[in-house]
Amino acid sequence: MNRILACLARNQLLISLTVLALALLFPLVFPSQYSIRMATLCGMYIVLALSLNLITGYTGQVSLGHAAFFGIGAYTAAILATRFGLNFLFTFIAAAIVAGLAAFLLGLPTLKLKGHYLAMVTLGFCEIVRLVEMNWMGLTRGPLGILNIPPPSLWGFTIDAPIEYYYFIVALVVLTIKLVQNIVDSRVGKGLIAISEDEIAAEAMGINILRYKVMVFVISAALAGFAGAFYAQYMSYIDPTSFGTDQSISIFIMIIFGGLASIPGTIIGVIVLTLLPEVLRGLMDFRLIIYGLILIAMMLVKPEGLLGNINFTRIKKAADGKKAGELK
Amino acid sequence: MKPLLGIERVTQRFGGLVAVSNVSFQIFENEIIGVIGPNGAGKTTLFNIITGIYKPTEGKVMYDEGNIAGFRPHEITQSGLARTFQNIRLFQNMTVLENVLVGMHTRTKANLFDAVFRTGRLKKEQLEATQKAEYYLRLVDLYEHRHSAAKNLPYGSQRKLEIARAMASEPRLLLLDEPAAGMNEQETAELMEFIGKLKALGYTILLIEHDMKLVMNICERIIVFDHGCLIAQGEPEVIKKEPKVIEAYLGKEA
Amino acid sequence: MFIQQLVNGLTIGSTYALVAIGFTLIFGVLELINFAHGSFYMVGAYFTLMLMLAMGGNFVLAFIISLALTGALGAMMDHFALRRIRERRATKDAALISTIGIATVIDHSVLEFFGSETKSFPAVLNLGKITVGNTIISYMQILIFAVAVILMGLLTFILYKTRIGKAMRAVSQNMDAAKLMGINVNFVISFTFLVASVLAAIAGTMVGMYYQAIEVTMGFAIGMKSFAAAVLGGISVLPGAMLGGLIIGVVEALGASISSGYRDAIAFAVLIIVLVFKPSGLLGKKHNNKV
Amino acid sequence: GCGPASEANNGQAGSDKGKSYKLAFFGPLSGDAMQYGVAIKNAVELEIRKVNDAGGINGVPVELKVFDDKNDPKESVNIANKIVSDPEILVAIGSFTSSCSLAAAPVFQKNQVPLFSPTASHPDFPFAGDYMFTLAMTQKLESKKFAEFVIEQFGPKKVATIYQNTDYGVTANDIFVNRIKELGGTVTGSEQFISGQTKDYSPLISNIKAQQPDIFYVIGSYSEAAQIIQQAKALDLKAQYIGNGQLIREDFLKLAGANGEGLVVMSSIPVFLSSALEHQKLSANTEAFVNDFKKAYQVEADGFSAMGYDSASLIVDAIQKAGADKKGIRDALAQTKNYAGVSGNLSFMDTREVERSLINYRVKDGTFIPYVRE
Amino acid sequence: MAFLNIENLTVNYGNIKALKGIDIEVEKNEIVTLIGSNGAGKTTTMNTIAGLKRSSGGRIMFDGEDITQMGTPQIVKKGLTLSPEGRQVFPKLSVFENIELGAYTRSKKERDEMLEVVYDLFPKLKERRSQSAGTLSGGEQQMLAVGRALMCKPKLLMLDEPSLGLAPLIVKEIFDLIVRINKLGTTILLVEQNARMALAISQRGYVLETGKIILKADADYLLNSEEVKNAYLGGV
Ligand SMILES: Nc1ncnc2c1ncn2[C@@H]1O[C@H](COP(=O)(O)OP(=O)(O)OP(=O)(O)O)[C@@H](O)[C@H]1O
Ligand SMILES: Nc1ncnc2c1ncn2[C@@H]1O[C@H](COP(=O)(O)OP(=O)(O)OP(=O)(O)O)[C@@H](O)[C@H]1O
Ligand SMILES: CC(C)C[C@H](N)C(=O)O
Ligand SMILES: [Mg+2]
Ligand SMILES: [Mg+2]
């Protein structure tokens, strides 16, 4: 087992490229609209889950309100696109900025809260945002939702066909992975992980905890806002029911299921949990019971998640170290 | 000569309990000072005040001429103080090496921008930081274990890792809270030697310890606490014979 | 009118408190957000109703059997789904996901067996109401309030004065040390789940009687509110759960009378504001962990 | 629960390989509106079974694909995409609520697939595009007629409303309230609630009570309305309670119990509850439908299922005329005039919606009886 | 057979072999000390005997019974208790509640009896009885941990570094105490970094090195052995 992991760790680049190639070839192998659609949604959830992983997985701050930022992004993009016909550069960036700003305003006073208090605050925030979306008829059309959101277009080129959306989200996923990976691998990332391990010790190491938490919360929310913009323009219809606490919780489940603080884990977790209900569709009414049982079983067998506790970078270093030792 | 650290009339209350009571003393550059006193005398509390974990109820903590009382811990670390904890507080799931790298936080500069775009500056800095971290780990004899998770180290090694991590922030003043706890006499002897080396490297050290052999051998000056009060201060030979200290702390035969 | 809204709020609040107490108990002992608590609340109400219908309207017997069944279900949940996670020293998140899984299984099983439509709950206790000026208070409201207070008192007594209560509190803080005291950790935790589930079933039945209707989704919304209540009062402090529940209820009722659309938003906003100024809740003790 | 919501492929169609007319149905088959959705689905299946038993359309069997949208608009968008990605599906029937139908509409419109909702009554629905049809009288007409009925029966009194915060509820309330005002009535206040969020309506009812209205109009599903009425009675809100067609179900009477007594229900859809039938005469084809339905499913048909049945019949007719041609089917459907459906006489207006007349009821002794002025 | 008899005990942490087959015997009424450097496996041994950690091979007999597979609470009820490394107090409970829990398996009367003894021994604990344990100083917590272990009047008491973090005066008191309770009939298994003092009060000692027992002898012998002196007693 360990040897397999070491082997995997050593060939990270090769594996990443293979996965990417597979992703690019996917629509050619499974050309049905349905499979492309599922794959596109998977991609979107990967972006969402990776962004939540930044704050919850790496920094250890449980947020049960991620759907709020997803929703803020979606509404920002939808409103700008439908009312002002702005192109997607604007809608996407505005979505990220507005979501990030909301995270800043929420995070600054509340990120000093610990554990479940923060979980509750974020959950409550998600509920408040949803109610605003539901009640501010003039801006959001309330429960009626926003219809006919135009597809993303730029300089005359419009992303319209399912396959174009698919490649668009693949690009977003790659960017997100790179972003998260780079942050985590840096000094800043180490600081975040230190915070999740022991706040007092982290502070004693000179880390400005609140600043770091707010910063990563904002990045995480901005990414979610980005995903929201994609969602709005891809679905062409949004309403407040897509951004409730149940959505927040399902994103949360995805990252735990895949393994906290693990990028490949998150990706696999999202894919498994998105496809599972589809695979179980044949079981009809029983499928959600089965789904629940699978969650329970998974936590019994691998409570740390699919790839939790497996740090490929560390394994690689250890393996390299050993090899160097053998040479000596 | 100007003191590096000046504690001025510091008092710390917890509800009705006075954990530190109107304490004043000074520490000069490149000294090794020991803090001793019975359990619950207020030694760790003093460390917590100096490092910003508590804001003292009264009094000043002068460091480099400025009053740092009430500053946040990260600001204090930034300005050149570092500590270890009596109840070990490592980043348990991070590797030994990563623990030290986090310790270097204040001495590295790469920001979010560098991180996201993996700038040259970041890569260069990362390389240097790793080399430095490995240097510290060699100092405390943990280089071999650099890739194992901190939590898997035995107790004594964890203490050493804490010291290495504290050193990584390149402090001028190092505060060690019972560094020898959990070490046997042989290991304690090694630790003494190591602390001596630190002095040679120019560090100033304030340490709490109940191991009298260590304290009496390496400290140039000793400060004695009892019930939150500073009851004596001076060179080891003097302190050893001080009746107040013998009664409150050392016991007759020591 | 204001007084009436206050009464309304206190009643809603008592139902939150009733649920929050059980929630807080699990939280206090395991530091676990039990997402399945709302499901136990719902299933308790279903058991009571279905048993009563099956037994020709014998409410008391149905109620007692329902409590036993729900309690057993709670203990089983711990035994089969949570114990192993605990023994493997996994994070709290894993247990939390497990409770979400359990909630899903329970909710959808009930849906499968009884359908999703709202079930009418016969008015078993026809207690009547009193009218004071313009304000109407039903005896059922008073009963719910009283039960909440009594259960809170009882539980506080158990936690602080009995042997098993002390064991519960010890388990919450350090399982290994608790074992070293000779405490059978698994038993204590399963027992805690049993008690919490019984509390949930009492709450579900009472609320079902009050609204004369129950439905599968009744657990989710109240689950969230009672979580909010528990946090507002200061998690793991029982009187806090009670106080938090009442405050959320009153704020919600008063808020609803100002803007019904934003009724929950107002309650959650109050919660967030309180936490900003009092990070460990209203009655929560600030624990400055000594370093 | 209810029988399996299988992807029905009825009759011996399977033998005729690949050759069938494919239709899709989507609606709430689980979740809070499941009762309505299942009834409609059953009626649609009933009609298709009948057609297939009679040899299909010109010898070609009809095949129905069934989807459950759980009354969740985003789910219905998903389903819509799934449906349009199958080029063989000619027409979609769905969904039950306006919210779901509205959300799905653009997908169908863009792909030029007719979407036929048996029940969506939001005035915007037909305007989502010329491939949209609804068999409901939209709120623009229905709620207006409700208001006119109220003023006519009870005079220009003080009216208060409570409504569900959905596409349907918001518009139904707006139009009703405006019309009341136009007609000289006073509206003392409107309270809204969010479905599924809470069961406690007492704060809203207390507000309304303070306004001392003469008439209290409840817009919500049957289970919500039952709760609201029960709590209003408990708080001694003395007024004439009124509701609309959604409430006409046995389950409502069960949930509301004695509190339902005296309630007036305004409806644009027919009612087949046996209690109500005693006082009503049905046309021959309606009676046949009611009997067939009862035989097939052992439950009584309701107005919504009648509308589902009519939807299927109209589509079958259109396919007969146009064959497997979506545009042709659309055009044929749009031509529908004076069709004697089981839910009434149906003619599509230019906007592909229908006009219906009101049939009103009063709850008396635990049953619905046709409304007569007292 | 000895009172506590460990045969060929092996324990792993994943791939790490922490104990590689050790044998230890403790006779009734003995004080036995386990010494060894950092990471030798002393704590692992203690935790495994107490049932906190599962062994992967070997057998542990206590008072004539096989306790290898028993759970900790059962073992504690049999009269074997451990004051663990790192104190492990219940931080949010008061000092009094912590002590009281020590006597969880005992009757109220026995509890009250022992309470006197413990308070007598550590007056500081009495003085701080309503303070929450988490805010005690390190040494105070250590006293609490030892006091709490005493509360259940064990037949065999295992102490993992009881003197850790204690002031010299208190260290002496602790060792005096160990002798005293031993005289009253409690068997003691001790792990100590302060090997000199520990061996001075022990009858026998074991030296553990990287998961193996490398030496087993009378305490006097160990105290005077050059090898032991150099490795563990700071060479003096
Ligand atoms: N956060 C706190 N709340 C309440 N009391 C506290 C707190 N921190 C420390 N104390 C009390 O203050 C006193 C001093 O504690 P401190 O930890 O400074 O002692 P110490 O000298 O380090 O002792 P030791 O040698 O045992 O570590 C103790 O009696 C302790 O109980
Ligand atoms: N949880 C763990 N996971 C992995 N390895 C562990 C774990 N706990 C201990 N070890 C390893 O087992 C070995 C024995 O450790 P143990 O704690 O028993 O030593 P010790 O003799 O008590 O040391 P010390 O004197 O420092 O307390 C060490 O090599 C340690 O690294
Ligand atoms: C709620 C139901 C009565 C359906 C309603 N006609 C709608 O359009 O949503
Ligand atoms: Mg201390
Ligand atoms: Mg040890």
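Modeller: What follows takes the labels one at a time.

Modeller: This is a predicted model, in which local features need pLDDT of at least 70 and side-chain atom pairs count only at pLDDT 80 or more, while totals for chains, interfaces and linings use all residues. Residues are numbered from 1 along each chain as its sequence is written, chains are lettered from A and ligands numbered from 1 in the order in which they are written, and side-chain values use heavy atoms, with hydrogens and water left out.

Biologist: What makes F96(D), T97(D), S98(D), T119(D), A120(D), S121(D), Y168(D) and Q246(D) the surroundings of ligand 3?

Modeller: A residue is near a molecule if one of its heavy atoms lies within 4 Å of it. Those eight names are the residues that surround ligand 3. By class, three are nonpolar, five polar and none charged; here Ala, Val, Leu, Ile, Met, Phe, Trp, Tyr, Cys and Pro count as nonpolar, Asp, Glu, Lys and Arg as charged, and the others, Gly among them, as polar.

Biologist: Why is the pairing of S98(D) with ligand 3 called a polar contact?

Modeller: A polar contact is a pair of N or O atoms within 3.5 Å; within protein, one must be able to donate a hydrogen and the other to accept it, and residues adjacent in sequence count only if both atoms are side-chain atoms. A polar side-chain atom of S98(D) lies 2.3 Å from an oxygen atom of ligand 3, so the pair qualifies. The backbone also takes part: a polar atom of T119(D) is 3.0 Å from a nitrogen atom of the ligand, and a backbone N or O atom of S121(D) lies 2.8 Å from an oxygen atom of ligand 3.

Biologist: Why is R196(E) said to form a salt bridge with E185(B)?

Modeller: The term asks for a side-chain nitrogen of Lys or Arg within 4 Å of a carboxyl oxygen of Asp or Glu. The closest N and O atoms of R196(E) and E185(B) are 3.4 Å apart, so the pair meets the criterion. Between chain E and chain B the count is one salt bridge, alongside 13 residue pairs in polar contact (both at pLDDT 80 or more).

Biologist: How do you know that E127(A) and R130(A) are joined, and where do they lie?

Modeller: Their side chains meet at 2.8 Å, N to O, which is a salt bridge. Both residues lie in helix α6 (residues 115–135) of chain A, three residues apart, about one turn of the helix; helices (H or I, at least four residues) are DSSP runs, numbered from the N terminus.

Conventions: Helix = DSSP H or I, 4+ residues; strand = E, 2+ residues; numbered from the N terminus.
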